[in-house]
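Let's take a first look at this model together.

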Amino acid sequence: MIPHFSGALNSDEYRVLIELSRNAMAIFVQGELKYANPVALQVFAQFPNLLEKISSLAVPTEEVVRLSLPENGQNQEHVLECQTTELNWQGAPAALANFHDVSEYYQVQSIKSEIREQKRVDRIKDEFVSTVSHEIRTPLSIIRETTSQILDGLHGEITSAQKNFLSKTLRNIDRLTKIINDLLDISKIESGKIEIRREKVDLVSLVRDSLVQFTPQIQKKGLQVLNSFSHPHIEISIDKDKITQVFINLLSNSLKFTEQGHIGVGLKEWDNFVECSVMDTGVGVASEDLSKLFNKFIQIGRTDGPGQKGTGLGLAICKGLIELHGGKIWVQSERGQGTQMIFTLPKT
Amino acid sequence: MKKVLIIDDEADLVELLKARLEQHQYEISTAFNGEEGFQVLEKVRPDLIILDVAMPKVDGYMFVQQFKQRENLQGIPILILTAKNTLHELFEAEGFYDYLVKPFEAEILLARIEELIGR
């Protein structure tokens with residue numbers, strides 16, 4: 001119900017209302033300021049160009065006009081909304097201007113629309129990466145299998161020179177596949193679309209299994225493997241495939257940059273978490289590069305000429321996967337002194 | 001000879017798979033979508049189905065759902081071979097766990113086939 005008040009206000013009461021009002025009010029006769037309430041005076045002081053602008057709003061239109069103005073002595077632009085109403089003032093036709101600062105409202109609106117836009121762009125990017133990588137896989141599988149069948153002699157004998165070059169094709173198809181997989185992984189991690197499926201795992205066996213596939217390369221380089229496990233079995237609840245991916249990534253990095261000495265994995269069981277480390281006696285990382293190491297598309301120590309090339313996404317993916325498990329990863333390294341990648345995994 | 005039905009809309013890949021598997025003494029039937037797959041299944045009972053996912057008409061997902069309704073087809077293992085590596089869970093929910101992502105290595109494909117057929 002709308003309340004009803006009886007009795008008219010006297011002029012003193014009206015003055016109190018106008019002077020205490022939080023709404024800025026000013027009266028103009030032919031563009032000249034005839035009255036401004038205290039709030040209006042404050043606003044005029046805050047925005048030196050405002051008086052001029054409002055008085056130039058020629059005929060009262062009842063329309064809301066938005067004015068962008070710099071604040072006195074500040075760089076920031078404020079948005080003011082102004083509405084003018086026709087009235088009679090001391091016998092002359094006049095305009096009453098009501099105005100207020102709506103900058104905060106607009107700031108919130110513009111942040112909201114920025115966030116919406118950012119989310120939209122992220123979604124398009126994810127869909128793009130995912131569609132493109134899926135579309136690439138099919139032709140890639142045809143190219144790979146064709147090459148592999150010719151190499152296997154399925155379609156007639158080939159010379160050793162042909163074999164040599166086709167092997168290069170095959171290696172680079174696999175490299176391309178790795179790039180696509182990494183791009184898809186990082187895009188899933190960034191959009192939060194990756195899910196962790198925890199199961200009970202013996203971390204020691206997981207590390208041993210991860211090391212197996214590197215045995216030929218380790219032997220070829222004549223490196224030693226030095227592992228140190230605090231317990232013969234360390235049970236932990238993790239996503240087995242994802243943590244295997246982390247160890248494989250870190251180990252392949254170590255192997256890539258180590259020509260002599262050893263590489264190894266350390267596992268130390270604490271009350272609530274396991275501290276994992278992958279270490280090597282390789283070239284190490286210069287101190288100025290350490291902070292960039294986990295950024296996307298950063299390849300430190302990339303070699304020219306022959307040798308394995310990465311995608312610059314491996315460590316960013318490792319970091320993402322470890323953080324999804326509630327862990328942290330960091331690095332200790334010095335140029336020429338080897339590298340130690342350390343990460344933690346909460347037990348549950 | 002063990003029989004394998006390949007269902008994939010990529011004719012080039014079908015040809016390659018056929019060449020690879022025939023060399024390993026498998027008898028091959030082919031279909032270019034799920035609908036054709038069921039037509040072949042009326043005439044042949046394969047020991048294994050290699051199934052693509054993204055296909056016109058009846059795609060791989062629709063195929064496994066209809067496959068489950070056909071009592072006479074039960075017991076035939078299905079190996080899903082797809083370029084999409086994000087659909088494992090969808091197929092697992094339907095009870096299909098054998099999944100291989102393209103591009104694949106021939107040795108791994110052959111090993112998976114042998115394991116599923118039990119040869």
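Start at the interface of chain B and chain A: in this predicted model, four salt bridges turn up across it. One pairing to look for is A:Asp152 with B:Arg20, whose side chains meet in a salt bridge at 2.7 Å, N to O. Six residue pairs are also in polar contact across the interface.

Which helices of chain B each supply at least two residues of the side that touches chain A? They are H1 (11-23), H4 (88-93) and H5 (106-117). H1(B) gives the largest share, six residues. By type, the residues on this side of chain B split into eight nonpolar, three polar and nine charged.

Here's the contact in numbers:

| Item | Value |
|---|---|
| Residues of chain B in contact with chain A | 20 residues |
| Residues of chain A in contact with chain B | 20 residues |
| Area buried between chain B and chain A | about 1,800 Å² |
| Part of that area on carbon and sulfur atoms | 56% |

Three residues stand out here: B:Leu16, B:Arg20 and B:Pro103 supply 34% of the area that chain B buries against chain A, more than any other three residues. B:Arg20 is also the partner of A:Asp152 in the salt bridge above.

Now for a helix in chain A. H5(A) runs over residues 160-190, 31 residues in total, and reaches 45 Å from its first C-alpha to its last, close to the 45 Å expected. Its buried residues include A:Leu166, A:Leu170, A:Ile173 and A:Thr177. Among the elements covering the buried residues of H5(A) are helices H4 (103-151), H8 (240-256) and H9 (314-324) of chain A. Just after H5(A), A:Gly192 takes a positive phi of about 70°.

How values were computed. Residues are numbered from 1 along each chain as its sequence is written. Chains are lettered from A and ligands numbered from 1 in the order in which they are written. This is a predicted model: local features need pLDDT of at least 70, side-chain atom pairs count only at pLDDT 80 or more; totals for chains, interfaces and linings use all residues. Side-chain values use heavy atoms; hydrogens and water are left out. Helices (H or I, at least four residues) and strands (E, at least two) are DSSP runs, numbered from the N terminus. The expected span of a helix is 1.5 Å times one less than its number of residues. Buried means under 20% relative accessible area, exposed over 50%, partly exposed in between (1.4 Å probe, protein chains only). Contact means heavy atoms within 4.5 Å. Buried area is the accessible area (1.4 Å probe) that two parts lose on being put together, summed over both. A polar contact is a pair of N or O atoms within 3.5 Å; within protein, one must be able to donate a hydrogen and the other to accept it, and residues adjacent in sequence count only if both atoms are side-chain atoms. Ala, Val, Leu, Ile, Met, Phe, Trp, Tyr, Cys and Pro count as nonpolar, Asp, Glu, Lys and Arg as charged, and the others, Gly among them, as polar.
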